[in-house]
Amino acid sequence: MFVQENENGLIYMRSDILPFRHLFSTRFGGVSEGEFASLNILGGKGDRPENVRENFTRIAAVLGAGPDDCAVTKQVHGNTARIVGESDRHVCLSTVPYEADGIVTATPGMPLFCAAADCIPVLLCDPDNGVVAAVHCGWRSSAGDILKNALETMCSLGAAPSSVRAALGPAIGACCFETDDDVPDAINIWLNGDTEGLFVRRSDGKTLVDLRGANARRLMQLGVPAEQIDISDECTFCSHEKYWSHRWSKGRGVGRGGQCAGIVLPQAGRA
């Protein structure tokens with residue numbers, strides 16, 4: 001179950017399925033102004049860099065880190081999952097030197113973050129074997145099987161699918177994710193036809209797609225137990241006052257910021 005938290009004015013969501021410190025940010029609790037009010041974490045979109053850095057500073061603090069102490073994704077809607085370590089601690093707002101929609105680590109005390117603004121932020125952890133991941137799941141990266149790649153990367157560090165816990169955060173819901181045929185066609189191939197209940201075909205030829213449901217189904221196909229998967233029921237498009245939504249803003253103006261999801265593997269003796 002997802003629960004809303006308020007920490008020093010920073011409002012975020014967490015999932016009770018994940019035993020490690022983590023968060024899914026909202027639009028609330030930052031310093032950005034105007035169309036970026038108030039907790040935007042995307043640089044290069046017109047927000048003041050000093051505001052973006054302060055916003056991320058507040059978010060990173062929830063995970064016990066500074067803004068330059070975390071690893072982040074460089075999202076290209078691909079299916080690359082990359083192991084990150086100490087050398088990948090990222091200076092906030094600097095150029096990310098790799099492309100990866102998923103990052104994985106067994107390094108204690110280094111938070112991992114992915115960004116989203118309708119796509120699904122997925123946090124994975126294996127508490128038994130000490131491995132965590134942050135994965136950006138848009139429909140292209142999902143159909144490209146990024147979750148399979150992320151789990152295989154986690155397993156290369158000692159994780160086991162049966163021990164993995166997964167939280168699929170706020171994202172565009174089946175109520176609002178309207179697509180052409182290319183999306184359901186790709187998902188049908190990706191899931192080997194196991195798509196019952198994931199699509200609603202409309203009379204105008206469009207299809208409503210449950211992308212979170214599709215990703216949860218893929219996790220189960222990969223060996224993650226259903227009871228270890230938590231799915232947010234919040235739609236970023238419907239709740240655009242609370243979350244950034246690229247589709248709601250049509251990619252411009254109010255709502256073109258972004259939120260993030262982060263998780264940290266605890267250091268010895270710390271929760």
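A pocket is an open set of grid points with protein on both sides within 12 Å along at least five of seven lines, and its lining residues have an atom within 4 Å of a point. The views below show a predicted model.

**View 1. The largest pocket and its centre.** The lining comprises 41 residues. Leu42, Lys45, Gln75, Ala115 and Ala116 lie nearest the pocket centre. The volume is about 1,200 Å³.

**View 2. Elements and residue classes around the largest pocket.** Two or more lining residues come from each of helix 1 (49-62), strand 7 (112-116), helix 2 (139-143) and helix 6 (246-249). Strand 7 contributes the most, with 4 residues. By class, the lining holds 20 nonpolar, 15 polar and 6 charged residues.

**View 3. Strand 9, residues 131-137, is mostly covered**. Of its 7 residues, 7 are buried. Val131, Ala133, Val135 and Cys137 point one way from the strand. Val132, Ala134 and His136 point the other way. Both sets are buried.

**View 4. Strand 9 and strand 6 pair in the antiparallel sense**. Gly102 stands opposite Val135 of strand 9, a residue that is buried.

**View 5. The hairpin of strand 8 and strand 9.** Strand 8 (residues 120-126) runs antiparallel to strand 9, joined by 7 bridges. Cys125 stands opposite Val132 in strand 9. Between the two strands lie 4 residues. Gly130, in the turn, has a positive phi of about 70°.

Methods
Residues numbered from 1 in each chain as written. Predicted model: local features only at pLDDT ≥ 70, side-chain atom pairs only at ≥ 80, totals over all residues. Heavy atoms only, no water. Buried < 20%, exposed > 50% of the residue type's maximum accessible area, 1.4 Å probe, protein only. Pairing = 2+ DSSP bridges. 1 Å grid on protein atoms, 1.4 Å probe; cavity = no way out; pocket = protein on both sides within 12 Å on 5 of 7 lines; lining within 4 Å. Points joined across faces, edges and corners; volume = space filled by probe spheres on them. Nonpolar A, V, L, I, M, F, W, Y, C, P; charged D, E, K, R; others polar.
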